[in-house]
Amino acid sequence: MEQGYNPRTVEEVFRDFKGRRTGLIKALTTDVEEFFQQCDPEKENLCLYGFPSEQWEVNLPAEEVPPELPEPALGINFARDGMQEKDWLSLVAVHSDAWLLSVAFYFGARFGFDKADRKRLFNMINDVPTVFEVVTGAAKKQQKEKSLVSNNSSSKSKSNSKPRTIESTQTKFSKPQPKDEEPNDDDEGLDEEDEDEHGETLCGACGENYASDEFWICCDICEKWFHGKCVKITPARAEHIKQYKCPSCSNKRARQ
């Protein structure tokens, strides 16, 4: 399905892996309603594909025998209505993780990665949460166990478009310091505390770590954090949202 695309170095294979992973996570989180509808049990055997472009697709398996690349799990649509939705999504996520690894190490074998290259590739992959961990929220739970929960961790969203911000317990957003105020040691301490507190927070959509130069928002229902760009919410728009529900929680309520 992707003829002519052949990553040849460890970095290129990892970039390919991350792109496919992001696409799969989108299908199982922010685009879950569309994914659910496409996996009609009345259709033939369907597979979930992730692409290096961070897009996803539900389609029939490749016709080539053997296929150009390892194929994802076959027939994911058949179990859709036979089990709880969250369990079905978790099952698809597990198979998606297995497929991602098989594709990455297929490239490694094809282009002659030695022991050191294979180990480096595995370590790079192992440093990011699995699709299963992101979809089930296990990644967030693991991070919580490693870090202390501060008193203001219940604030529901934060804007970090500038390096220096302060966390507000009264509003839903952390506000930038006025430009005419001079930085002081206390402010720098707040920045460091914010990094310490949120540095291991993971986006519920793409699974990437918190970064101080990006806008984040928290779902008031499931309490997962998201990059604003992943859920298409800007700081300006967020100011007018009284209660934010992520796409997954919105879709669940719509189907009830």
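Colleague: On what basis are residues numbered, and which pLDDT do local features need?
Modeller: Residues are numbered from 1 along each chain as its sequence is written, and side-chain values use heavy atoms, with hydrogens and water left out. In this predicted model, totals for chains, interfaces and linings use all residues, side-chain atom pairs count only at pLDDT 80 or more, and local features need pLDDT of at least 70.

Colleague: How many helices and strands does the chain have?
Modeller: Helices (H or I, at least four residues) and strands (E, at least two) are DSSP runs, numbered from the N terminus. On that basis, the secondary structure comes to nine helices and seven strands.

Colleague: What percentage of the residues of the chain count as buried?
Modeller: A residue is buried at under 20% relative accessible area, exposed at over 50%, and partly exposed in between (1.4 Å probe, protein chains only). The chain has 256 residues, and the buried share is 43%.

Colleague: How far apart are the end C-alpha atoms of helix 3?
Modeller: The expected span of a helix is 1.5 Å times one less than its number of residues. Helix 3 covers residues 85-110, 26 residues, and should therefore span 38 Å. The end C-alpha atoms agree with this, being apart by 37 Å.

Colleague: Which residue, with a positive phi, follows helix 3?
Modeller: The phi of this residue is near 70°. The residue that follows helix 3 is Gly-112.

Colleague: Is the aromatic pair of Phe-35 and Trp-88 stacked or edge-to-face?
Modeller: Rings of Phe, Tyr and Trp (its six-membered ring) pair if their centres lie within 6.5 Å; planes under 30 degrees apart count as stacked, over 60 as edge-to-face and the rest as tilted. The structure holds six aromatic pairs. Phe-35 and Trp-88 lie 5.3 Å centre to centre with 15° between the planes, and this pair is stacked.

Colleague: Which helices does the pair of Phe-35 and Trp-88 link?
Modeller: The two residues are 53 residues apart, in distant parts of the chain. Phe-35 counts as buried because its relative accessibility is 0%, and Trp-88 is likewise buried at 0%. Phe-35 lies in helix 2 (residues 32-38) and Trp-88 in helix 3.

Colleague: What is the angle between the planes of Tyr-49 and Trp-99?
Modeller: Tyr-49 lies in strand 1 (residues 47-50) and Trp-99 in helix 3, so the pair ties together parts 50 residues apart in sequence. Both residues are buried. The pair is edge-to-face, 6.3 Å centre to centre, with a plane angle of 90°.
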